[in-house]
Amino acid sequence: MKQLIIQGGKKLFGTINISGSKNASLPILAATLLVDEKITLKNIPDVKDISTMINLLESIGKKIKFSNSRNQIVITSKKNKKLIAPYNLVKTMRAGVLVLGPLLAKYGQARVSLPGGCAIGSRPVDLHIEMLKKMGAKIKIDKGYIVAKVIKKLKPNKLKFESISVGATENLIMAATLCKGKTTIKNIAIEPEIIDLINFLNKSGAKIFFNSKRIITIEGVESLKGSTHSIIPDRIEAGTYAVASLISNGKITLNRIDTKAMKNIFDVLKLSGAKLNSNKKNSVTVSRKKIKSLNAKTIPYPGFPTDMQAQLMSLLCLGNGKSIIKEDIFENRFLHVSELKRMGANIKIKNKSAYIQGIKNFTGAEVMATDLRASVSLVLAGLAAKGITIVNRIYHLERGYEDLVKKLKKCGASIITKNV
Ligand code: UD1
């Protein structure tokens with residue numbers, strides 16, 4: 001087992017190059033199942049969730065080669081396909097369910113393990129299933145698997161999501177891409193990662209028309225062709241290092257970011273006292289004077305992202321008064337709270353909200369990571385804490401942060417990984 005050991009209290013200064021987005025890469029990798037020809041993907045982050053998705057694609061029937069660097073892959077097709085996403089892969093990464101739409105559209109059948117629960121809530125996939133059924137798929141649950149079939153081909157339809165889901169939107173878009181006729185989907189998620197998926201599919205020959213009002217029209221095409229695509233920057237990784245700069249009272253320049261996609265995150269950080277200076281395109285320098293308390297709520301894009309909630313909470317623990325964060329997307333996404341309290345935080349949870357009273361300092365402690373973003377919030381608290389923080393179960397961090405220790409060290413953090 002590996003631990004992170006952090007000696008807190010060092011102000012971080014330097015430059016961090018932001019990696020490609022994990023959450024954009026995962027659906028785009030799944031979407032390559034729609035294409036027989038060669039696909040080249042650039043700016044793929046080297047993190048565990050990506051290698052899990054690569055293993056899944058290989059087990060289904062793709063050949064994957066790294067070319068030039070660990071961030072660029074070339075994907076081609078093997079002759080034989082195995083239309084299964086097995087439990088052992090999907091249980092470690094829910095995004096495995098994203099192969100359902102492409103497999104149904106391309107091969108007319110799929111057997112995909114149900115992802116099951118995870119630390120941040122029950123996370124059902126009912127919306128994925130319900131909407132694919134509306135496109136003519138026959139779906140049943142058998143021994144923990146979603147068993148899906150299409151009798152002839154998927155049928156176009158006019159669809160509307162009851163509630164907004166990133167993954168279900170992605171699955172539906174991928175399914176409709178090869179579905180003859182016109183499919184309209186209303187109330188879709190419009191996260192930048194979804195726009196990246198649409199851009200990739202359109203580059204590969206799909207006909208997807210998006211208007212910014214959560215409505216999409218897809219004219220099905222016979223087949224897709226090979227293409228080359230560069231993944232967008234990871235806005236959550238960038239937001240996390242922005243908080244690292246603020247919480248440590250340092251000055252970090254974030255390079256290779258998409259400033260526009262980060263507006264919702266930057267707006268909230270500005271309210272917390274962040275000064276953001278941008279001297280060149282796709283780059284911003286983050287610093288502050290005081291940390292100001294504030295109220296925030298997680299909302300689907302363009303709102304403040306749930307994937308930044310835990311990091312913001314660590315920052316607001318050191319705010320100059322009372323803050324409230326409402327988590328409106330996941331039912332159980334406050335698992336970092338009890339660990340932050342062990343480091344001295346003053347937080348009370350009531351219903352969906354965390355009530356935070358600012359404290360002067362965190363104190364280092366041994367803490368346990370529970371999910372990807374909760375883990376990184378503990379690292380952030382550790383960077384600011386008095387004394388030593390030990391973060392256990394860091395495999396969660398490895399799922400989504402490329403070179404976390406290296407990037408923080410480069411800015412002057414005292415952080416090491418230890419095998420125990
Ligand atoms: C994606 C992101 C995740 C992010 C989340 C919300 C990836 C790989 N993961 O997850 O990092 O936190 O969006 O921005 O991109 N729901 C249902 N039924 C469904 C599907 C979802 O009830 O069939 C609920 C979920 O339980 C949750 C909410 O809808 O409460 C939003 O989930 P969703 O947007 O689907 O998240 P993911 O796609 O799983």
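Hi everyone. Two strands count as paired when DSSP finds at least two bridges between them. With that in hand, let's walk through this structure, which is a predicted model.

I'll start with an open sheet of 4 strands, in the order β10-β11-β13-β12, where the pairing is mixed. At its edges sit β10 (158-160) and β12 (207-211), each pairing on one side only. On average, neighbouring strands here are turned by 15 degrees against each other, direction ignored.

Let's look at one pair in that sheet. β12 and strand β13 (residues 215-219) run antiparallel and are joined by 5 bridges. Which residue in β13 stands opposite Asn211? That would be Ile215.

Now for the helices on this sheet. Helix α6 (residues 166-177) lies across β10, β11 (182-186), β12 and β13, and runs at about 25 degrees to β13. Helix α7 (residues 192-203) packs on the sheet as well, touching β12 and β13, and its direction makes about 150 degrees with that of β12.

Asn295 stands opposite Ile324 in β19.

Next, let's follow strand β23 (residues 388-392). Strand β1 (residues 2-7) pairs with β23 in the antiparallel sense over 4 bridges, and Ile5 stands opposite Ile390. Strand β22 (residues 366-368) runs parallel to β23, joined by 3 bridges. Ile390 is also the bridge partner of Glu366. To get from β22 to β23, the chain passes through helix α12 (residues 372-384), and this β-α-β crossover is right-handed.

How many cavities of 30 Å³ or more does a search of the whole structure find? The search finds 1. The largest cavity holds about 40 Å³ of space. Its lining consists of Pro192, Ile232, Pro233, Asp234, Arg235, Asp258, Ala261 and Met262. By class, that lining has 5 nonpolar, no polar and 3 charged residues.

Definitions and conventions: Residues numbered from 1 in each chain as written. Predicted model: local features only at pLDDT ≥ 70, side-chain atom pairs only at ≥ 80, totals over all residues. Heavy atoms only, no water. Helix = DSSP H or I, 4+ residues; strand = E, 2+ residues; numbered from the N terminus. Right-handed = clockwise from strand over helix to strand, strands pointing away. 1 Å grid on protein atoms, 1.4 Å probe; cavity = no way out; pocket = protein on both sides within 12 Å on 5 of 7 lines; lining within 4 Å. Points joined across faces, edges and corners; volume = space filled by probe spheres on them. Nonpolar A, V, L, I, M, F, W, Y, C, P; charged D, E, K, R; others polar. Axes fitted to C-alpha atoms, helices over the stretch in contact; angles between N-to-C directions. Contact = heavy atoms within 4.5 Å.
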